[in-house]
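Here are my notes on this model. Please read them beside the coordinates.

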Amino acid sequence: MISMGDDEKFMRLALKLAAKGNPSPNPYVGAVIVKDGKVIGKGYHKKAGMAHAEVEALKSLENLEDAKGATLYVTLEPCNHFGKTPPCTKAIIEAGISKVVYGMKDPNPEVKGDGADELRKAGLEVVGGVLEDEAAKQNEIFFKYCKTGLPFVLVKVAMSMDGKIATRIGDSKWISGEKARRYGHRLRSSCDAVLVGINTVLKDDPLLTARISGGRNPVKIVLDGGLRIPLETKLLKEGKTLIATCANANVEKKGELEKKGATIILCGQERVDLKVLLAELGKIGITSVLVEGGSEVQGSFLDEGLLDKAVLIYAPILMGGREAKTAFGGKGAEIVEQALKMRIEKVRKLGNDFVFECYPIR
């Protein structure tokens, strides 16, 4: 007999497996098949369009007959609809699984049919809500996109202990250490898009790629109301680049950029409207945006209340300088009471740097 403690143990294993995938715009899902207290199969959703975690776990069995009478642990309620793959409920029932334990219900309003109900109708025992909070946290991007149609906005900043992202003459390489920079590349790989302002492009000419083994490169987004981006910039040489600009932007320059392969998104009249931009990004299926600066861009997302999460990397240095750029520019709060309150979810050390993962309290 499997206890609640065992349920949580096996669900934690499923959550760990789920984290291996890179399935955007689909959710992270992991699955474990257990029989007589032993794990006999496991799998996770690797990529959108590929087999779901439950099917991967069934495929991993040495003999499919072993599934009869077994318990399936899965981080998300099994799907009961046809998408790019057939319903997982059908595969589970046909395999002879007798019990399904899942973490959280599927929040997607477009999903027709309740997977748990379908399994119960077929005679399976179904238990939901095991480590539900952990499963929901793992899919915070999927949750927001399903509920709002808008991408999840993650702001990542590397700064000195006194909150500076560059010296008074603009030098910023390198504030954080190698381990923190590798972590930043993993963040890029986990997000659909990475966003910077035109000043960052003009100053650094960045690639904005995820330079890690097996990583995926995000879509690159540049906020450029005046279309000042150079035609020879590195961003235009590889991958997909979106340029958010204003309706009165130079038509000739717009055409030249489009010939270079860039996609132009018009968002506002005289300056880029971030809310309009996020809505447009949601329409084309971008579920998450990593904001990497600089100061004024990060300040704009803060001023407009568009930040869903902040990853703040503090290096053990003090820069000083009244003219040195701070992490968040923009208008800012007039009084302390107006400052955005943050909840620190996690603190860890990477090399000599400290990483704070924080969420706004609204």
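**Notes on the model**

1. In S3, Thr71 is the bridge partner of Val34. Strand S1 (residues 30-35) and strand S3 (residues 71-76) run antiparallel, paired over four bridges. Strands are DSSP runs (E, at least two residues; helices are H or I, at least four), numbered from the N terminus. Pairing requires at least two DSSP bridges between two strands.

2. This is a predicted model: local features need pLDDT of at least 70, side-chain atom pairs count only at pLDDT 80 or more, and totals for chains, interfaces and linings use all residues. Residues are numbered from 1 along each chain as its sequence is written, and side-chain values use heavy atoms, without hydrogens and water.

3. The order S2-S1-S3-S4-S5 describes an open sheet of five strands with mixed pairing. Strand S2 (38-44) and strand S5 (125-127) are its edges, each pairing on one side only.

4. The largest nonpolar core has 35 residues. Such a core is a set of buried Ala, Val, Leu, Ile, Met, Phe, Trp, Tyr and Cys residues joined through side-chain atoms within 4.5 Å. Buried means under 20% relative accessible area, exposed over 50%, partly exposed in between (1.4 Å probe, protein chains only). Among the residues with the most contacts inside this core are Met11, Ile33 and Leu72. Helix H1 (4-18) is one of the elements that give two or more residues to this core. The largest share, five residues, comes from H1.

5. A second, separate core has 31 residues, including Ile165 and Cys246.

6. Phe354 lies in strand S14 (residues 353-360). Phe354 is partly exposed, at 40% relative accessible area.
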